[in-house]
Amino acid sequence: MDLLGDWWTPLVLREAFYGIRRFDEFQQELGIARNTLSERLRRLVEAGLLEKRVYETQPVRHEYLLTESGRDFYGVILALTSWGDRWLSDEAGPPVITRHEPCGHDVHGEVVCSHCKEPLAWEDVTPRPGPGYPTKLLGHPAIRRRFKLDEPTTAAD
């Protein structure tokens, strides 16, 4: 969230998904200040979501391409778009429609269970510490409450 916790970063990524690659194009499409855009692009490159590549040598100019990690962020963009389409669109409807080219249908982002493919709702899921969760934190009372570690588990666990 440190990376994506500002207004501009998801918009820069959205434009990259629209095919924007060059600094001036990002600036023109977003109306973003040059210093702000420079900082966001730098952070996205450092985080591995974008790759900075030279496309002209005299003067040196760069383009910004989505990496595998950046392309994997597309589901997040679709989820945000679906929320905005549902809650912020006016009577005219959503401002952008997404077409799934292989099947030819218009789609919306949907978060589903990777096992049963049912849509996920917050009331139907339980967060649990994963293998990478810091062991030293698991004894902390607030963490134990967050993950309900002191409650009995069900057979499905």
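Me: Hi! Before we start, what kind of model is this?
Reply: Hi! This is a predicted model.

Me: Good to know. Let's do helices, then. At what angle do α2 and α3 pack?
Reply: Helix α2, residues 23-30, packs against helix α3, residues 34-46, at an angle of about 120°. Their axes are 10 Å apart.

Me: What do we call that arrangement, and why?
Reply: Oblique. Angles of 65 to 115 degrees count as roughly perpendicular and those over 145 as roughly antiparallel, and the angle here is about 120°, so α2 and α3 are oblique to each other.

Me: And the crossing of α2 and α3, left-handed or right-handed?
Reply: Right-handed for α2 and α3. On the α2 side the contact is made by Phe 23, Asp 24, Phe 26 and Gln 27, and α3 brings Arg 34, Leu 37, Ser 38 and Leu 41.

Me: How do the residues of that contact of α2 with α3 divide by class?
Reply: They divide into four nonpolar, two polar and two charged.

Me: Now α1. How does it pack with α3?
Reply: α1 and α3 pack at about 75°, with their axes 10 Å apart. That angle falls in the 65 to 115 range, and α1 and α3 are therefore roughly perpendicular to each other.

Me: Which residues make the contact there?
Reply: From α1, Trp 8, Thr 9, Val 12 and Leu 13. From α3, Thr 36, Leu 37, Arg 40, Leu 41 and Leu 44. By class, the contact of α1 with α3 has six nonpolar, two polar and one charged residues.

Me: What about α1 and α2, how do their axes cross?
Reply: The axes of α1 and α2 come within 10 Å and cross at roughly 115°, and the crossing is right-handed. In α1, Trp 8, Leu 11, Val 12, Arg 14, Glu 15 and Ala 16 meet Phe 26, Glu 29 and Leu 30 of α2.

Me: And by class?
Reply: The contact of α1 with α2 has six nonpolar, no polar and three charged residues.

Me: Switching to pockets! What volume does the largest pocket have?
Reply: About 650 Å³. The lining has 21 residues, and Leu 11, Arg 14, Ile 77, Leu 80 and Thr 81 are the ones that lie nearest the centre of the pocket.

Me: Which elements give two or more residues to that lining?
Reply: They are α1 (8-17) and α5 (74-87). The largest share, eight residues, comes from α5.

Me: Which residue has a positive phi although it is not a glycine?
Reply: Lys 117, with a phi of about 70°. You'll find Lys 117 in the loop between β4 (105-107) and α6 (141-146).

Me: Last one: where does Thr 98 lie, and what is it in contact with beyond its neighbours within four places in sequence?
Reply: Thr 98 lies in strand β3, residues 98-100. Leaving aside those neighbours, Thr 98 is in contact with Tyr 74, Leu 78, His 105, Asp 106 and Val 107.

Me: How far apart are Thr 98 and His 108?
Reply: Ten residues in sequence, and 6.8 Å in space from C-alpha to C-alpha.

Notes
Residues numbered from 1 in each chain as written. Predicted model: local features only at pLDDT ≥ 70, side-chain atom pairs only at ≥ 80, totals over all residues. Heavy atoms only, no water. Axes fitted to C-alpha atoms, helices over the stretch in contact; angles between N-to-C directions. Helix = DSSP H or I, 4+ residues; strand = E, 2+ residues; numbered from the N terminus. Parallel < 35°, antiparallel > 145°, perpendicular 65-115°, else oblique. Left-handed = near helix turned anticlockwise from the far one by under 90°. Contact = heavy atoms within 4.5 Å. Nonpolar A, V, L, I, M, F, W, Y, C, P; charged D, E, K, R; others polar. 1 Å grid on protein atoms, 1.4 Å probe; cavity = no way out; pocket = protein on both sides within 12 Å on 5 of 7 lines; lining within 4 Å. Points joined across faces, edges and corners; volume = space filled by probe spheres on them.
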